[in-house]
Amino acid sequence: MNTIQKIELETAKLLINGNFIESETQEWQDIINPATQEVIGRVPFATVEEVDAAIQAAQDAFASWRQTPIQARMRIMLKLQDLIRANMKEIAQVLTAEQGKTLADAEGDIQRGLEVVEHACSVGTLQMGEYVEGVARGVDTYTLQQPLGVCAGITPFNFPAMIPLWMFPMAIVCGNTFVLKPSEQDPLSTMMLVELAIQAGVPAGVLNVVHGGKEVVDRLCTHKDIKAISFVGSTAVGTHVYNLAGQHGKRVQSMMGAKNHVVVMPDANKEQTLNALVGAAFGAAGQRCMALSVAVMVGDSKQWIQELVEKAKTLKVNAGHEPNTDIGPVISKRAKARVLDLINSGVEQGAELLLDGRDVQVQGYESGNFVGATIFSGVNTDMRIYKEEIFGPVLSIICVDTLDEAIALINANPFGNGVGLFTQSGAIARTFQNLIDIGQVGINIPIPVPVPFFSFTGSRGSKLGDLGPYGKQAVQFYTQTKTITSRWFEDSHEVGGVNTTISLR
Ligand code: NAD
């Protein structure tokens, strides 16, 4: 057994007006290592007064932050990306301890967020307005992309580095101030990133952090001084946040749950396809919003199912910090019970269990929340394992005869987050990308998360709101367009009389 780096028992601090402070709340929750059940920290559920103080600090800081030159804001991001890179290994250790994913995957989590920070270093070219000279005699029209004010972010447990970094760097580099509410299940690695942001020079009040659950989230959604809310998490909570914050006049983006399919055509490269399927279904113990949940085998590709199962059998289930681990634990005992309940439902509803990960034993980590790779075939669309997001290492297989059937199946599913297609035919790929109603499409790519100069997109039940996180869409989300139409009179201009009709230009 590898030695676990000892993580000091820590309380997650609030960050209010530049100060990391201990909450005065009576309500605390343990932060638990999902491989060992060791308590590694405690997180407060902040009081209403503390949430209000964080919002007030952000409101007070906005006046001067929005006037801070854009290059100065970008230079802080330049420093932040340097600090994150330098501290990546240390953050990954804490992330693995509190979230469970493998160390390599934890570094990937940080790296994906870091790339957004790198992109934030060049926001100047994205926050440019437009200008048309001479829309009428002596009249010019131009736009300003101005920051909104105080924005808030609410993040899920599965990417405690990447998703907070989707939000606060882009929001504050555009001139907004921010209140972040990290997942209460694994806030410690997020807090390390926040500490680096303060070290990088983010001024007091520009970035604030409160911890908690529904009460804190609802306060953010309803507070008069919050202008915009970014949410990433489950569909039920995301819909609640979207509706509540929308009713209170806020701009909202909700990125939510998923049921991602991959279509396997019989002309695909078999070895590459099967490797990709196994990695996408079982990596991060299936706890990615872009994890593969359903493999749709078209025509003769169904003959590869047994090989897929054999590959999945080779995956090593172990604690995330152990070398060569493929599948770490799921986040909590509750999450494990939910995954097992869904697997049991698949058996009861008549799916064929080709690989059963329910009774996996991990030596040295007997109390960890482990579930091994699980594969069902003969799945139909009425089964719970097809209808519900499992968020565990469970792959369902459905066989169809044609590409058209595969597309119809996927477009009828309520979720629209990610999809993949494996083929060697450009014509098939082109038809697929045109007809499929999913936000992120991978062609021979199983987890097509866009790089930060594009934006994360979702469709139907996976997203509410028009604009996605990071990239150009995030700049639009975090800014308000103001249109100026101006006339400067020259002395030589004729002075006209009063005109009461709309101008004919
Ligand atoms: P979750 O919805 O339980 O929690 C997300 C956030 O909402 C947390 O900060 C939590 O404290 C808060 N919250 C929880 N219950 C609440 C309530 N009743 N009212 C108000 N706030 C509440 O999600 P999770 O389990 O942390 O994360 C997993 C989910 O996130 C999955 O559904 C996954 O697909 C989704 N996800 C989506 C994306 C995406 O981009 N579409 C990315 C990552 C994760």
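This is a predicted model: local features need pLDDT of at least 70, side-chain atom pairs count only at pLDDT 80 or more; totals for chains, interfaces and linings use all residues.
**View 1. Two domains in one chain.**

**View 2. The area buried between domain 1 and domain 2.** On the domain 1 side, 26 residues make contact with 35 residues of domain 2. About 2,400 Å² is buried between the two domains. Carbon and sulfur atoms give 53% of that area. A35, Q37 and R460 supply 24% of what domain 1 buries against domain 2.

**View 3. The salt bridge of R288 and D105.** The side chains of R288 and D105 meet in a salt bridge, at 3.1 Å from N to O. Between domain 1 and domain 2, the count of salt bridges is two.

**View 4. Polar contacts and the elements of domain 1 that touch domain 2.** Between the domains, 18 residue pairs are in polar contact, with both residues at pLDDT 80 or more. On the side of domain 1 that touches domain 2, the elements giving two or more residues are α3 (88–99), α4 (103–120) and β21 (459–460). Of these, α3 gives the most, with three residues.

**View 5. Residue classes on the domain 1 side.** Which classes make up the side of domain 1 that touches domain 2? Polar residues number 15 there. Six residues are nonpolar, and five are charged.

How values were computed: Residues are numbered from 1 along each chain as its sequence is written. Side-chain values use heavy atoms; hydrogens and water are left out. Contact means heavy atoms within 4.5 Å. Buried area is the accessible area (1.4 Å probe) that two parts lose on being put together, summed over both. A salt bridge is a side-chain nitrogen of Lys or Arg within 4 Å of a carboxyl oxygen of Asp or Glu. A polar contact is a pair of N or O atoms within 3.5 Å; within protein, one must be able to donate a hydrogen and the other to accept it, and residues adjacent in sequence count only if both atoms are side-chain atoms. Helices (H or I, at least four residues) and strands (E, at least two) are DSSP runs, numbered from the N terminus. Ala, Val, Leu, Ile, Met, Phe, Trp, Tyr, Cys and Pro count as nonpolar, Asp, Glu, Lys and Arg as charged, and the others, Gly among them, as polar.
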